[in-house]
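Please study the sequence and the structure before reading each solution.

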Amino acid sequence: MRLQRLARPAMALIGWSLAFSAWALGDKPLRVIVPGPAGGTVDIAARVIGQQMSADIGRPVIIENRPGATGSIGLSAMLKADPDGNTIALGPNNMLVEAPHVMKVPYDPLGDIVTIARVALTGYVLVAAADYPAKDFQGLVEHLKTRKGKSSFASYGTGTVSQYSGLIFSSQADLGMQHVAYLGSPPALTDVIGGQVDIMFDGMVTSLPLIKSGRLRTYAVVGKNRSHYFPDVPTMSELGYPEIEFQGQVCFFGSSKLPPEILAKLQAIIGKAASVPAVRQKLADAGLEPDVNTDTAVLLAENRQLSQGNAAIVKKFDIQAN
C-alpha cells in the first residue's frame with residue numbers, strides 16, 4: 001500500500017483534535033471488548049488502535065477478549081455495562097448483519113447497538129491447497145464439475161459470508177458441493193490444505209499468510225475491486241458471479257444509549273487514532289484495508305442494507321444454525 005494513500009486522512013486530524021481534547025470521563029480505563037480470541041485479526045486491530053488511543057487520551061485502554069457465540073457473548077457484555085462511554089467493543093460487522101439471521105441473540109443488533117466508527121475493510125478470497133489439480137478459476141470449475149456431488153467447500157461458520165459465497169458459487173455453477181462448517185478459519189484452512197475439503201471462501205487476513213508461504217492457491221477475489229495484494233487475480237464478479245461480492249468491515253460498537261456528546265467524543269478519539277499513518281500501516285500489514293468512517297447514519301444505513309441482503313440469502317438457501 002502506497003505511503004501516500006496511508007497518509008491521506010492526515011489533514012482530518014486537525015479537525016478531530018478539537019473535539020478529542022474534551023474527553024471528560026475522568027481517569028477510568030477505557031475498556032474495549034473484542035468478541036474474539038487473543039491473537040486474532042480483530043484483536044490485533046484493537047491493540048494497535050487501542051495503544052494509539054491510550055497515548056492520545058492519557059488513559060489506559062484495556063483490551064478484553066470475550067469470544068463465543070459468533071460475537072454475541074462480547075456484545076452482550078458490552079451492553080450490560082453502563083452506557084457512559086467507558087466500555088465499547090471492536091469487531092466485524094457480521095456480528096450485526098449475518099449471525100443474527102441464523103442464531104438467536106439477546107439484543108436487537110441494529111437497534112440496541114450503534115456503530116461508533118468503521119476503521120478498516122477486509123476482503124475475501126477463493127482458495128484451495130497449493131497442490132490442488134486446478135491451476136486457474138476455469139480449470140477449478142471444470143474439475144469440480146467432474147466431481148459433481150462429491151466435492152465440498154469449507155466455511156468458517158454457518159450463516160457467514162464464507163458459507164454464502166460457497167452456496168451461491170455451487171448453485172450457479174451447478175456443482176452440487178457439500179458445505180462443511182468449521183469453528184473459525186484456522187481449522188477450516190488446515191483441512192483445505194490437507195485435502196479433506198476442496199475449496200474455501202475465506203477472509204483475506206487469515207488466508208494471506210498461507211498464500212504468501214505457498215500453501216494455498218488463489219483463484220478469485222470476492223469484492224467490488226481487485227485486491228492490491230493480488231492485482232492479477234480477478235474478482236468473482238469479473239468471472240460471471242456478480243452475486244458473490246462481499247466486503248467485511250471492522251468497527252467499534254457501543255450501546256445505542258450512549259449520550260450524543262459521549263458518542264461524538266468517542267468518534268473523535270477513534271477517528272484520530274485510526275488515521276495515524278503508523279497505525280494504518282500496521283493494519284495494512286495485517287491484511288486489512290484502513291478505512292475510517294465515523295458517520296453513524298451512513299454506517300447504520302449500510303448495515304441495514306447488508307442485513308436485508310443476507311436475510312434473503314439465508315431464506316433462499318434455508319440456512320439454519322448447527
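**Exercise 1.** How many aromatic pairs does the structure hold?

*Solution.* The model is a predicted one, in which local features need pLDDT of at least 70, side-chain atom pairs count only at pLDDT 80 or more, and totals for chains, interfaces and linings use all residues. Residues are numbered from 1 along each chain as its sequence is written, and side-chain values use heavy atoms, with hydrogens and water left out.

Step 1. Rings of Phe, Tyr and Trp (its six-membered ring) pair if their centres lie within 6.5 Å; planes under 30 degrees apart count as stacked, over 60 as edge-to-face and the rest as tilted. By this rule the structure holds five aromatic pairs.

Step 2. One of them is formed by Phe-137 and Tyr-241, which are edge-to-face at 5.8 Å centre to centre, with 75° between the planes. This pair links distant parts of the chain, 104 residues apart: Phe-137 is in helix H6 (residues 137-146), and Tyr-241 is in the loop between strand E9 (216-222) and strand E10 (248-255). Helices (H or I, at least four residues) and strands (E, at least two) are DSSP runs, numbered from the N terminus.

Step 3. Another pair, Tyr-164 and Phe-246, is tilted, with 6.3 Å centre to centre and 50° between the planes. Because Tyr-164 lies in helix H7 (residues 161-172) and Phe-246 in the loop between E9 and E10, the pair ties together parts that are 82 residues apart in sequence.

Step 4. Ring pairs also link Phe-137, Phe-169, Phe-201 and Tyr-241 into a cluster.

**Exercise 2.** Why does Phe-137 count as buried, and which residues does Phe-137 contact beyond its neighbours within four places in sequence?

*Solution.* Step 1. Buried means under 20% relative accessible area, exposed over 50%, and partly exposed in between (1.4 Å probe, protein chains only). Phe-137 has 7% relative accessibility and therefore counts as buried. Tyr-241, at 9%, is likewise buried.

Step 1. Contact means heavy atoms within 4.5 Å. Apart from those sequence neighbours, Phe-137 contacts Leu-126, Phe-169, Tyr-219, Ala-220, Met-236, Leu-239 and Tyr-241.

Step 2. A nonpolar core is a set of buried Ala, Val, Leu, Ile, Met, Phe, Trp, Tyr and Cys residues joined through side-chain atoms within 4.5 Å. The largest such core has 49 residues, and Phe-137 is among the members that touch the most others, as are Leu-126 and Met-236. Apart from this core lies another, of 34 residues, including Val-114 and Phe-252.

**Exercise 3.** What volume does the largest pocket have, and which element gives the most to its lining?

*Solution.* Step 1. On a 1 Å grid over the protein atoms alone, a cavity is a set of points where a 1.4 Å probe fits but cannot get out, and a pocket is an open set with protein on both sides within 12 Å along at least five of seven lines; lining residues have an atom within 4 Å of a point. Grid points are joined across faces, edges and corners, and a volume is the space filled by probe spheres set on the points.

Step 1. The largest pocket has a volume of about 1,300 Å³. Its lining comprises 48 residues, and the closest to its centre are Pro-92, Asn-94, Tyr-156, Gly-184 and Ser-185.

Step 2. Helix H9 (204-212) is one of the elements that give two or more residues to this lining; H9 gives the most, with five residues.
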